[in-house]
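Visitor: I would like to learn how to read a few features of a protein model, one step at a time. Could we look at the structure together?

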Amino acid sequence: MDFSWHYLKEYWKTLYFVMKGPSAIRETMDIPLQQALPRARWFTFVSVLLVGVFLWVSPTSGIVRLVSGLHIAAPTHAHLTSSLMAVAIILISMPVVYGLFRLYTLLAHVMSLNVFKARGQRLRLLNMETTLLTLAVPIAAGYVVLQITPVGGWLLILAFSLYGFVLASYGYNLIFHKQGLRGSGLLIGSALVTGFVLAIGALAVLVSLAVIAFLILLLLRLFVHHSAG
């Protein structure tokens, strides 16, 4: 995948427009498929990168430690190891989160159509959710502020989370041809049903992995007993 600086610039431009109100949702909803897919991919990657950096620097190092005046001595190799681990986790999380993001969009659209009998385009839903990904930055920044002043941090997180919900409700009204609070109801309903389906799927995967692991251990135990005999 070739990285284009266009998407990094577009990410911050979109965040700026999102801060100005729901017009950003309306203006980005009809982006064509050939642009929507790389936009969704790189917006997800940038969001994961920025959130990962915020979370990594917040607890005991970086911004929080400088502001609070703390000094925690640690060997150089420990800092290097933690930095490499943080980079590895962020890089691995990028494709995983993108896959979950696309899966959630697919399931949310299917549930809205089949369970709630709504009608709307999946591409418009993908574009709307991609636009809202930029709100991950101020929410993650709120987590950093939370380490310094809990009241201010929670206010920032709750404010931008509520703002994202309002924008998503507005987007659902446009996508699924609803009015007023019906978009909010559809958003909440589809999110709950989609979350339930994802949870059941994750549970099924974990059970399958547990069964496979049990069978492998059983075979290894039989092999060890046979070798010992």
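Predicted model: local features only at pLDDT ≥ 70, side-chain atom pairs only at ≥ 80, totals over all residues.

Visitor: Where is Leu 218 found, and which nonpolar patch on the surface is it part of?

Guide: Leu 218 is found in helix α9, which covers residues 182-228. The nonpolar patch on the surface that includes Leu 218 also has Phe 196, Ile 200 and Val 207 among its members, and together the patch residues have about 990 Å² of accessible area.

Visitor: How is a pair of aromatic rings described, and how many such pairs does a search of the whole structure find?

Guide: A pair of aromatic rings is described by the distance of the centres and the angle of the planes. A search of the whole structure finds 6 aromatic pairs. In one of them, Tyr 11 and Trp 12, the ring centres are 5.7 Å apart and the planes lie at 80°, and because planes over 60 degrees apart count as edge-to-face, that is the name for this pair. Tyr 11 is buried, with a relative accessible area of 0%, whereas Trp 12, at 40%, counts as partly exposed.

Visitor: What is the geometry of the pair Tyr 172 and Phe 176?

Guide: Their ring centres are 5.1 Å apart with the planes at 40°, so the pair of Tyr 172 and Phe 176 is tilted. Both Tyr 172 and Phe 176 are buried.

Visitor: Which residues do ring pairs link into a cluster?

Guide: Ring pairs join Tyr 11, Trp 12 and Phe 43 into a cluster.

Terms used. Residues numbered from 1 in each chain as written. Heavy atoms only, no water. Patch = residues over 30% accessible without salt bridge, like charges linked within 9 Å, V, L, I, M, F, W, Y side chains within 5 Å. Areas by Shrake-Rupley, 256 points an atom, 1.4 Å probe, with all protein chains shown as cover. Salt bridge = Lys/Arg side-chain N within 4 Å of Asp/Glu carboxyl O. Helix = DSSP H or I, 4+ residues; strand = E, 2+ residues; numbered from the N terminus. Phe/Tyr/Trp six-rings, centres within 6.5 Å; stacked < 30°, edge-to-face > 60°. Buried < 20%, exposed > 50% of the residue type's maximum accessible area, 1.4 Å probe, protein only.
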